[in-house]
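Open the model in your viewer and keep the sequence panel beside it. The stops below go from one selection to the next.

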Amino acid sequence: MKKLLIAASVMALTACSAPSEPQLTLNPTPVIAQQPSTSGKTLNLESRDLRTAQFVAVVDSGRQNVQPLHASQNLRITLEDALSRQLSSQGYSITQDSKGTLRLDILEAMVNVKHSVMSHELSSKLQLQLVVETPTGKFVKRYAGKSERNGAMSASVEDMELALNNLITAVLKDIYADPELNSYLQEKL
């Protein structure tokens, strides 16, 4: 009887801790270079999430019915991993004992959804900041993107995931193709 009571208690607690609202799965696609543009350059990669709120989407269904949605995984780790894969494909070795540090700051990452009876407006914003510190200087630059989309009926979780993943991928492409960042890394590391 005691074992049955303990098992029932564990099941009840597990059910209470499971999130009931949907979560967004973020998996941006970093740019993978066909050929490395550098070799022998090492870089320490760090990241910080500086957003005031940790959710990645807000669904406004009107009548003061606003629902925040979180990512199913840590956004900071997801973005750091994508940037790490992108830099590694360019030929940079990501290591802790490098004299140069690249820090990724997440300033904004949000999908705002407004529902009406028969349509939705989906507005996405992303703002990242890269800070490169080397023994000979410092480079700071912000990268941002916005997208808007309208659709019939209500927006699905998949619509929100697609919007934010596409926006993150576009900003990663901007970082990859940034001549200022690339020349700074080439000259100062």
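A residue counts as buried under 20% relative accessible area, as exposed over 50%, and as partly exposed in between. The model is predicted.

**Stop 1: a loop residue**

Select Met-153, in the loop between β7 (137-152) and α3 (157-176). Its relative accessibility is 48%, so Met-153 counts as partly exposed. Now check the backbone: phi of Met-153 is near 60 degrees, a positive value in a residue other than glycine. Most residues other than glycine have a negative phi.

**Stop 2: from α3 back to β7**

Select Asp-159 and Arg-149, which form a salt bridge with the closest N and O atoms 3.5 Å apart. Asp-159 lies in helix α3 and Arg-149 in strand β7, so this pair ties together parts that are ten residues apart in sequence. Arg-149 is partly exposed because its relative accessibility is 35%.

**Stop 3: a second bridge from β7**

Next select Lys-141 and Asp-178. They form a salt bridge too, the closest N and O atoms being 3.1 Å apart. Here Lys-141 belongs to strand β7 and Asp-178 to the loop between α3 and α4, so the pair ties together parts that are 37 residues apart in sequence.

**Stop 4: helix α4**

Stay on Asp-178, which also caps the N-terminal end of α4: one of its side-chain oxygens lies 3.1 Å from the backbone nitrogen of Glu-180. Then select the whole of α4, residues 179-188, and colour its buried residues, Leu-181, Tyr-184 and Leu-185. Look down the helix axis: these buried residues fall within an arc of 95 degrees, so they line one face of α4. What do they pack against? Their partners are β1 (42-49), β6 (119-134), β7 and α3. Turn the view to the face of α4 directed away from the buried side, and you find the exposed residues Pro-179 and Glu-187.

**Stop 5: a salt-bridge network**

Finish with Arg-48, Arg-103 and Asp-105, which are linked in a network of salt bridges. In the bridge between Arg-103 and Asp-105, the closest N and O atoms are 2.9 Å apart, and both of these residues are buried. For the remaining bridges, search the whole model: the structure holds eight salt bridges.

Key. Residues are numbered from 1 along each chain as its sequence is written. This is a predicted model: local features need pLDDT of at least 70, side-chain atom pairs count only at pLDDT 80 or more; totals for chains, interfaces and linings use all residues. Side-chain values use heavy atoms; hydrogens and water are left out. Helices (H or I, at least four residues) and strands (E, at least two) are DSSP runs, numbered from the N terminus. Buried means under 20% relative accessible area, exposed over 50%, partly exposed in between (1.4 Å probe, protein chains only). The arc is that of the directions from the helix axis to the C-beta atoms. Contact means heavy atoms within 4.5 Å. A polar contact is a pair of N or O atoms within 3.5 Å; within protein, one must be able to donate a hydrogen and the other to accept it, and residues adjacent in sequence count only if both atoms are side-chain atoms. A salt bridge is a side-chain nitrogen of Lys or Arg within 4 Å of a carboxyl oxygen of Asp or Glu.
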